[in-house]
Amino acid sequence: MADSPIHSRATTEKASGENSVVSETTAAFRMAIDHFKQGDMAAARELLEAILAVQPDNADALHHLGLVAYHYKRYDAAVALVMQAIRLSPKNYRSHFNLGMILELQEKYDDAIACYDTVLSLNADCREAYLHIARLFLRTRRFQEAIHLLSGALRRFPDDVALLNRTAAILNALSAPNAAMPFLRRALEKNPSNVFSRLILSDSFKTLGKIEEAKATAREVVEIDPDAVYAYCSLSEDEKFPKEDPVFELLERTVKREDITRTARKDLHFALGKMYADTEEYDKSFTHYTAGHALRREINGPFDRAAFVHRLEELKRRFNRRYYRTHSSRGSQSERPLFIVGMPRSGTSLVEQILASHPAVFGAGELSIIPTIAPRLFNADKPDRSTATLSAETLSAYAESYLKHISAVAGDSPKVTDKMPANQLHLWLIALLFPNTRIIHCTRDPLDNCTACYIRNFSHPHEYADDLSDLGFFYRQTERLMSFWKENIPLPIVDVSYEQIVRDTEETVRSILDFCGLPWDDRCLEFHETKRNVTTASRTQVRKKIYTSSLGRWKTYRNHLGPLTAELEITPPSADY
């Protein structure tokens, strides 16, 4: 620091007055910015620290020193420096924007959104702030807020390709791919080679069941940009790459790069896991799946077994047979909703696709309404206070709100399926809201079911799925919970096993329709021909005829499943089984 041009001159030329110091600091700041732009962070830091030694309240120097700390991934220091700059110069929207970016990288999403909101209050034309808020709304599944924000942004920037793409991505997440198409067409008119537009378009085609169009669009991305790794991630869901394909080397090289986000690295690990499984290199496949789950745990946090058990025990203590004897005839008498529950990857999407092929049934997919209502009405840490709020008026209002929502999406279909798997935790509430409904509980061989969860990169956290032992624990706990519900809540519940559907499709479909009070319809056996939007992890599989290759798939990873089999208390059959 002794040779710093500002520090040495400022101390030896005091007689030249304050103007000289200002001149020196201005020149030094310009030099620091030049070094910063050229990527010479060490030189930029030295100059910025020299400026601050003379002018400790120099907001611009603090701001950029924070960006240097950000470059070195010293995020806490970066936050402190940029916040100090903001206190000195609160109307500099760039400081608020950069603070938002740092907080976003720290996954402090609410704080980051608040920063970007401040940016827009200072500069409503900051397009990037709209994009960042919309991305965080998408990540935190605040879809309606995102659409409202982007509608306003597009009024300001109607031809902005990035905003059009982000709007389309959120409409896809809302199971509205047809609504997304006009935005994508506008984006591609403005920029025909935009790879993000084409990737979102590929995703829209998948949701619509147009798998060949989805693959062709992803291939177009690869032709435009051979290094577009997310196109390969998309293709890996539906296509098998031969061992010698150079894409393996590309993705292996990319997943090791330091300049990609944790989310991108996670997605690449899962794509490579699937691709190596397709080439029957199962050890490599499992290594990548494990690395992907390690990153998911960093992002989402670990599964809290104690809290989960506490929650289940409080549910069982409160919502038992005795409770329902005195709390019946609440909510709505409607028989319209049908609930499909079970573990993820247990066949819930397949059962819904079968039912949605019936002309009297609309498949609404995974509705988040019940999981949203449940914590408002019951808190395991305050069970007595919670149950006091379960009045007939409250339950009736929530039931009517649910029915209004499904009417908006399903029209006048007599039956509407809600296949949110997690609703198995909320059957206590469903029994209160809809005492005349029916529950289809999907089951699957525990090893196959848990393995299928482990090799899936879920869009929701599902923290229990990121550790094989936790996965087995969760499976057994929910299995016991379902046994409790069958004995205690006053709703008809039928078990439908995945294996049963695969091995005796027609008889199983007939029994499902009988349980739902629906007449036979041949279209339910041709479910793979049904045209409907599917956004779940099984959106590709439900477009295919029944296949048996997924039975016993756990065996390909048998050497890696020790923690799972131990938790499930299963001794796997021998390798030649």
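Phe 270, Tyr 282, Phe 286, Tyr 289, Tyr 454 and Tyr 557 make up one aromatic cluster. The model is a predicted one, and it holds 25 aromatic pairs in total. An open sheet of five parallel strands is also present, with helix 28 lying across four of them, namely strand 1, strand 3, strand 4 and strand 5.

- Among the 25 aromatic pairs is the one between Tyr 282 and Tyr 557, an edge-to-face arrangement with 5.7 Å centre to centre and 80° between the planes.
- This pair links distant parts of the chain, 275 residues apart: Tyr 282 belongs to helix 17 (residues 282-300), while Tyr 557 sits in the loop between helix 28 and helix 29 (562-568).
- Tyr 282 has a relative accessible area of 24% and is therefore partly exposed, as the buried class ends under 20%.
- Tyr 557 has a relative accessible area of 2%, so this residue is buried.

**The Phe 339–Tyr 402 pair**

- The ring centres of Phe 339 and Tyr 402 are 5.8 Å apart with the planes at 40°, so this pair counts as tilted.
- Because Phe 339 lies in strand 1 and Tyr 402 in helix 23 (residues 392-410), the pair ties together parts 63 residues apart in sequence.
- Both Phe 339 and Tyr 402 are buried.

- Strand 2 (361-363) and strand 5 (493-497) are the edge strands, each pairing on one side only.
- On average, neighbouring strands are turned by 25° against each other, direction ignored.
- Three bridges join strand 1 (residues 337-342) to strand 3 (residues 415-418) in the parallel sense.
- Leu 338 stands opposite Thr 417 of strand 3.

**Helix 28 and the charges over rings**

- Helix 28 (residues 505-516) runs at about 155° to strand 4 (438-443).
- Arg 438 lies over the face of Phe 515, and its distance from the ring centre is 5.3 Å.
- Arg 510 lies over the face of Trp 520, at 3.9 Å from the ring centre.

**Glu 212**

- Glu 212 is found in helix 13 (residues 211-224).
- With 54% relative accessibility, Glu 212 counts as exposed, because that class begins over 50%.
- Glu 212 and Ser 202 are 10 residues apart along the chain, and their C-alpha atoms are separated by 9.5 Å.

Methods:
Residues are numbered from 1 along each chain as its sequence is written. This is a predicted model: local features need pLDDT of at least 70, side-chain atom pairs count only at pLDDT 80 or more; totals for chains, interfaces and linings use all residues. Side-chain values use heavy atoms; hydrogens and water are left out. Helices (H or I, at least four residues) and strands (E, at least two) are DSSP runs, numbered from the N terminus. Buried means under 20% relative accessible area, exposed over 50%, partly exposed in between (1.4 Å probe, protein chains only). Two strands pair if DSSP finds at least two bridges between them. Axes are lines fitted to C-alpha atoms, for helices over the stretch in contact, and angles run from 0 to 180 degrees between N-to-C directions. Contact means heavy atoms within 4.5 Å. Rings of Phe, Tyr and Trp (its six-membered ring) pair if their centres lie within 6.5 Å; planes under 30 degrees apart count as stacked, over 60 as edge-to-face and the rest as tilted. A charge sits over a ring if NZ of Lys or CZ of Arg is within 6 Å of the ring centre and within 35 degrees of the ring normal.
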